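Biologist: I'd like to learn how to read a ligand site, step by step. Could you walk me through one?

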Amino acid sequence: MLVAPSLLAADFADLHGEMDMLNSSSADYLHVDVMDGMFVPNISIGFPVIKAIAPLASKPMDVHMMVIEPDRFIGQVRDCGAHLMNVHYEACRHLNRTLQLIKDAGMKCGVTLNPATPVSMLEDVIEDVDLVLIMSVNPGFGGQKFIRESIKKVARLRNLIDNSASKALIEVDGGVNAETGKELAQAGADILVAGSYVFRAPDPKLAIDSLKAL
Ligand code: DX5
Ligand code: ZN
């Protein structure tokens with residue numbers, strides 16, 4: 001299993017320490033949540049902070065844009081050094097164009113689905129995306145309860161990908177821990193995002209290892 005700890009649950013007063021922990025952990029990516037207070041009812045971190053941590057991070061950055069019309073920020077996300085830019089299906093007026101613009105900017109592109117958006121909405125873009133992120137909570141906050149329907153949704157997405165020429169990875173975000181992670185792994189997930197489960201653990205590196213082992 002690939003693991004992407006979500007910085008949202010980190011100690012923002014000690015980002016140096018948190019980056020040292022992540023760099024020396026078995027994590028595969030660094031998941032960074034950007035919110036605009038409009039698409040989701042919260043505001044998190046923005047580009048100046050991402051730029052400040054980028055040189056400290058040895059793991060590729062997976063930037064999750066919970067932002068309306070994310071096309072406006074493709075250049076800034078790229079300039080922050082992101083490896084992958086995740087945009088929400090629900091926040092893009094012309095998703096096909098947005099995905100192309102992300103790739104033209106030299107990043108991998110991911111499309112994210114809210115809990116209420118069915119996997120079938122991706123049928124016509126699945127071969128154009130590098131990754132699909134399934135939200136297993138409503139986006140905007142860490143520490144929420146896992147929505148169990150997401151497990152079946154991951155299985156449906158696995159089926160869609162396996163029956164197409166797509167090589168898209170399946171990532172899941174929200175309420176992930178060793179128990180929900182195990183069920184998600186069985187359903188076909190490739191990458192688990194985890195905020196609270198990692199950063200609230202007595203030993204965050206062990207928590208990351210426990211997800212890696214799934
Ligand atoms: C929520 C964010 C998540 C969040 C997950 O909108 O997209 O990445 O940090 O937090 P946990 O793992 O605590 O549910
Ligand atoms: Zn996220």
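Modeller: Happy to! Keep in mind that this is a predicted model.

Biologist: Which backbone atoms lie 2.8 Å from an oxygen atom of ligand 1?

Modeller: One is a polar backbone atom of Gly143, at 2.8 Å from a ligand oxygen. Gly195 also places a polar backbone atom 2.8 Å from an oxygen atom of ligand 1.

Biologist: How much of ligand 1 does the protein bury?

Modeller: For burial, we begin with the ligand by itself. Taken alone, ligand 1 exposes 380 Å², and the protein buries 98% of that.

Biologist: Which elements give two or more residues to the shell around ligand 1?

Modeller: They are strand S2 (30–35), strand S3 (61–66) and strand S8 (191–194). In total, 19 residues surround the ligand, and Ser6, Gly140, Asp173, Gly195 and Ser196 are the closest. Sorted by class, that shell holds 10 polar, 7 nonpolar and 2 charged residues.

Biologist: And how do I read the pocket itself?

Modeller: Look at its volume, then its lining. Ligand 1 takes up the space of the largest pocket, whose volume is about 340 Å³. Its lining comprises 26 residues, with Phe141, Gly142, Gly143, Gly174 and Gly195 closest to the centre. Two or more lining residues come from each of S2, S3, S8 and helix H7 (196–199).

Biologist: How many residues of that lining are nonpolar, polar and charged?

Modeller: The lining divides into 12 nonpolar, 11 polar and 3 charged residues.

Technical notes
Residues numbered from 1 in each chain as written. Chains lettered and ligands numbered in written order. Predicted model: local features only at pLDDT ≥ 70, side-chain atom pairs only at ≥ 80, totals over all residues. Heavy atoms only, no water. Near = heavy atom within 4 Å. Polar contact = N/O pair within 3.5 Å; in protein donor to acceptor, adjacent residues only side chain to side chain. Areas by Shrake-Rupley, 256 points an atom, 1.4 Å probe, with all protein chains shown as cover. 1 Å grid on protein atoms, 1.4 Å probe; cavity = no way out; pocket = protein on both sides within 12 Å on 5 of 7 lines; lining within 4 Å. Sits in = over half its atoms within 2 Å of the grid points. Helix = DSSP H or I, 4+ residues; strand = E, 2+ residues; numbered from the N terminus. Nonpolar A, V, L, I, M, F, W, Y, C, P; charged D, E, K, R; others polar. Points joined across faces, edges and corners; volume = space filled by probe spheres on them.
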